[in-house]
Amino acid sequence: MFFAVISIFPEMFCAISDYGVVGRALKNQQATLQLINPRDFTNDNYRRIDERPFGGGPGMVMMAQPLEKAILYAKELALAAGCDVAGGGCPVVYLSPQGRTLTESMVADMPKLDGMILLCGRYEGIDERLLQRYVELEISIGDYVLTGGELPAMVLMDSVIRRLPAVMSDEASAQQDSFVDGLLDCPHYTKPLDFHGDMVPEVLLSGHHANIAKWRFLQQVKRTQLRRPDLWRAFVPTKQQAKWLKDLESLD
Ligand SMILES: NC(=O)c1ccc(N[C@@H]2CC[C@@H](O)C2)nc1
């Protein structure tokens, strides 16, 4: 999957390109990451990419022209990478608090894309005319304001790349399925068996996989009911899960 990032701080992205599952996926070319700095598309000696806002007010606004050139260059790279740019296979995505809040179900659909061009703003934001002309999808990672779109862009890429078929291991994808059906995750345990007298739940040591699956599911249910009643109300159990739910009162 192709990713192009437009940012005045491209160095920030080593936080995902140099570590862990995502770093490995990029190294193995299971996903590609092109970093594009709008400053390289300026014509003046100061490489200006921001200006004072019309109408006054605090701060600076990112100018349309350097970003437009950077977006057009990103589209060329996407084309060269085989993305169906004209057919919407590689949307320009703007990260902002005004966007649609990112959810796992949105993430689940993204690997179907050929790629994404992620536009990261700084200062007070980006000239509205650039956004209206080029942005196809506006995404927020939550209802709070950050100093830039880079961290949201990395959150988005991490959530998508980890779900690419070649990246996710088998047992993780099974786990992913249970999680993505709208329940919170179950508790996890590993060595040592005894942590300050806190022991690992017996069922997890039993080797009885059906009982373990049932216990984990009921733990997810309990946790979701307690912490996210909104998710619980929307949850639709499978036939097997519905059977397990009948035993909920027997949960330890
Ligand atoms: N919640 C979010 O996903 C989010 C995204 C971007 C952001 N800040 C940038 C800086 C200027 C403007 O481009 C928007 N804050 C919060």
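This is a predicted model: local features need pLDDT of at least 70, side-chain atom pairs count only at pLDDT 80 or more; totals for chains, interfaces and linings use all residues.

**Stop one: the annotated site.**

**Stop two: Asp143.** Zoom in on Asp143, which sits in the loop between β7 (137-140) and α6 (150-161). Is Asp143 buried or exposed? Its relative accessible area is 73%, and exposed means over 50%, so Asp143 counts as exposed.

**Stop three: Leu146.** Stay in the loop between β7 and α6, where you will also find Leu146. This residue is partly exposed, at 39% relative accessibility. Which residues does Leu146 contact, leaving aside neighbours within four places in sequence? Show Ile141 and Pro152 to see them.

**Stop four: Ser96.** Next, select strand β5 (residues 92-101) and pick out Ser96 within it. Ser96 has 7% relative accessibility; buried means under 20%, so Ser96 counts as buried. Show its side chain and look for two partners. One is the backbone nitrogen of Gln98, which the Ser96 side chain reaches at 2.9 Å. The other is the side chain of Glu138, with a polar contact at 2.6 Å. To finish, display Glu138, Ile139 and Ser140 together: Ser96 touches these residues, not counting those up to four places away in sequence.

Terms used
Residues are numbered from 1 along each chain as its sequence is written. Side-chain values use heavy atoms; hydrogens and water are left out. Helices (H or I, at least four residues) and strands (E, at least two) are DSSP runs, numbered from the N terminus. Buried means under 20% relative accessible area, exposed over 50%, partly exposed in between (1.4 Å probe, protein chains only). Contact means heavy atoms within 4.5 Å. A polar contact is a pair of N or O atoms within 3.5 Å; within protein, one must be able to donate a hydrogen and the other to accept it, and residues adjacent in sequence count only if both atoms are side-chain atoms.
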